[in-house]
Amino acid sequence: MAALTFDPTVVATPNPSRFKRTMHAAVVEAFGHPLVLREVEIPTVGPGQILIKTEACGVCHTDLHAADGDWPLKPVPPFIPGHEAIGMVTEVGAGVSLVKVGDRVGVPWLYSACGHCEYCLSAWETVCPGAQFGGYTRNGGFAEYVLADPKYVAHIPAGLRPDEAAPLICAGVTTYKGLKETGARPGEWVTISGCGGLGHLAIQYAIAMGLRVCAVDIDDAKLAHATALGAELVVNARTVPDAGAAVKAGTGGGTHGVLITAPSLIAFKQGVAMVRKHGTCVLVGLPAGDFPFPLFDVVANCITVRGSFVGTRKDMAEALQFAVDGKVKADIELQPLSAINDVFARLHHGDVAARVVIDFRKH
Ligand code: NAD
Ligand code: ZN
Ligand code: ZN
């Protein structure tokens with residue numbers, strides 16, 4: 001992947017009196033430290049860009065990894081996290097024709113891509129070497145305004161509320177795409193490992209796609225929620241001695257697909273042990289570090305293990321349509337931006353039921 005670039009002009013110096021147009025934002029100033037709530041300059045719209053007034057922004061576990069500098073590819077502080085931002089377009093730059101002022105759009109993790117490399121040309125813009133990431137290499141939605149590239153925003157259909165749409169533009173599209181990548185067909189089984197922000201949506205997408213769901217988590221409350229959402233089998237990987245064996249016993253030999261969303265390395269090792277012979281294990285969670293790979297089992301059982309990273313713009317439109325059709329609904333808890341550090345602490349300790357969404361109508 002190409003070296004990261006970051007636009008430092010967007011985070012202003014902490015002196016609001018110097019600027020006429022300022023906004024509230026939560027800024028990562030140093031890895032591993034609380035976010036700093038401060039007034040920063042509202043970004044100026046350049047050619048080909050749009051400005052969005054944020055209505056809602058979901059808090060993804062990725063925002064924690066970003067603020068902690070967990071991954072080899074690191075953002076450069078100071079930066080504003082948040083990649084589930086939904087809002088109204090308030091300004092369009094020169095040359096913009098794809099969106100207009102007043103449109104409701106989402107600013108996702110896939111902030112932009114080059115548009116002409118072999119991956120962009122084959123609808124794999126998610127792995128474009130020139131891709132920029134919202135709330136990571138570009139400032140994101142934990143702010144009252146956010147800049148975006150109109151070619152890569154999510155178009156929020158009428159009838160979807162901004163707070164309900166927010167989790168869909170990362171947690172939703174990522175799990176929908178990941179489920180497609182399992183190759184599981186209607187009537188077959190899929191395991192969802194990790195039933196939090198991503199997982200509670202994954203269960204709903206899987207059922208809407210005609211799949212039978214086995215849910216795995218380490219928290220009984222998350223598993224009760226999974227059952228309420230339609231999971232036929234639940235396994236507590238903390239209390240069951242061998243979670244892989246439990247899934248295999250309950251599904252007649254393992255599930256055709258496994259989607260690992262848990263931000264825990266143990267879950268990855270266990271997840272590979274839950275796949276049926278010739279099945280596919282899709283890795284989506286991104287805890288720091290590597291996990292031991294049971295090479296013999298994978299080879300001898302013809303198992304596929306693959307990574308999956310958010311989704312394309314086409315996946316995004318499809319993922320949103322499930323919600324418009326009433327088949328998927330994010331379970332949300334609204335909080336003001338000022339609560340962001342408390343929300344991060346709760347997410348870190350597994351104390352968020354599904355998804356917290358920052359509501360910019362609250363202060
Ligand atoms: P979350 O904190 O809302 O949910 C995580 C869930 O995993 C919780 O329910 C928790 O109880 C459960 N869990 C923890 N340890 C477990 C274990 N050992 N076994 C089973 N379950 C376990 O987090 P989230 O927002 O859903 O994000 C999850 C992960 O997915 C993060 O690492 C995030 O960075 C990653 N992510 C990846 C992509 C991608 O494109 N690949 C996109 C978004 C998020
Ligand atoms: Zn995310
Ligand atoms: Zn490209």
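1. What covers helix H1: strand S3 (50-58) and helix H11 (340-348) are among the elements over its buried residues. Contact here means heavy atoms within 4.5 Å; helices (H or I, at least four residues) and strands (E, at least two) are DSSP runs, numbered from the N terminus. H1 is mostly covered, with 6 of its 8 residues buried, where buried means under 20% relative accessible area, exposed over 50% and partly exposed in between (1.4 Å probe, protein chains only). The buried residues are Thr-62, Asp-63, Leu-64, His-65, Ala-66 and Ala-67. Gly-69 follows H1 and has a positive phi, near 65 degrees.

2. Basis of the values. This is a predicted model, in which local features need pLDDT of at least 70 and side-chain atom pairs count only at pLDDT 80 or more, while totals for chains, interfaces and linings use all residues. Residues are numbered from 1 along each chain as its sequence is written, chains are lettered from A and ligands numbered from 1 in the order in which they are written, and side-chain values use heavy atoms, with hydrogens and water left out.

3. Zinc site. Cys-60 (SG), His-83 (NE2) and Cys-170 (SG) coordinate the zinc ion (ligand 2) at 2.0 to 2.3 Å. Donors are N, O and S atoms within 2.8 Å of the metal (3.2 Å for Na, K and Ca); water is not among the atoms, so sites may look incomplete. Along the chain the donors of this zinc ion have the spacing C-x22-H-x86-C. His-83, in the loop between helix H1 (61-68) and strand S4 (85-92), and Cys-170, in the loop between helix H3 (162-165) and H4, are 87 residues apart and link distant parts of the chain. Both His-83 and Cys-170 are buried.

4. H4 against H5. Helix H4 (residues 171-182) and helix H5 (residues 197-208) pack at about 50 degrees, with their axes 8 Å apart. Axes are lines fitted to C-alpha atoms, for helices over the stretch in contact, and angles run from 0 to 180 degrees between N-to-C directions. H4 and H5 are therefore oblique to each other; angles under 35 degrees count as roughly parallel, over 145 as roughly antiparallel, 65 to 115 as roughly perpendicular and the rest as oblique. By class, their contact has 8 nonpolar, 4 polar and no charged residues. Ala, Val, Leu, Ile, Met, Phe, Trp, Tyr, Cys and Pro count as nonpolar, Asp, Glu, Lys and Arg as charged, and the others, Gly among them, as polar.

5. H4 against H10. H4 and helix H10 (residues 313-324) pack at an angle of about 105 degrees, with axes 9 Å apart, and are therefore roughly perpendicular to each other. H4 contributes Gly-172, Val-173, Tyr-176, Lys-177 and Lys-180, and H10 contributes Asp-315, Met-316, Glu-318, Ala-319 and Phe-322. This contact has 5 nonpolar, 1 polar and 4 charged residues.

6. Backbone points to check. Most residues other than glycine have a negative phi, and most peptide bonds are trans. The peptide bond from Pro-77 to Pro-78 is cis, with omega near 0 degrees; Pro-78 lies in the loop between H1 and S4. Ala-123 has a positive phi, near 60 degrees, and is partly exposed at 47% relative accessibility. Val-310 has a positive phi of about 35 degrees and is buried, with a relative accessible area of 10%. Val-310 sits in the loop between strand S15 (304-307) and H10.
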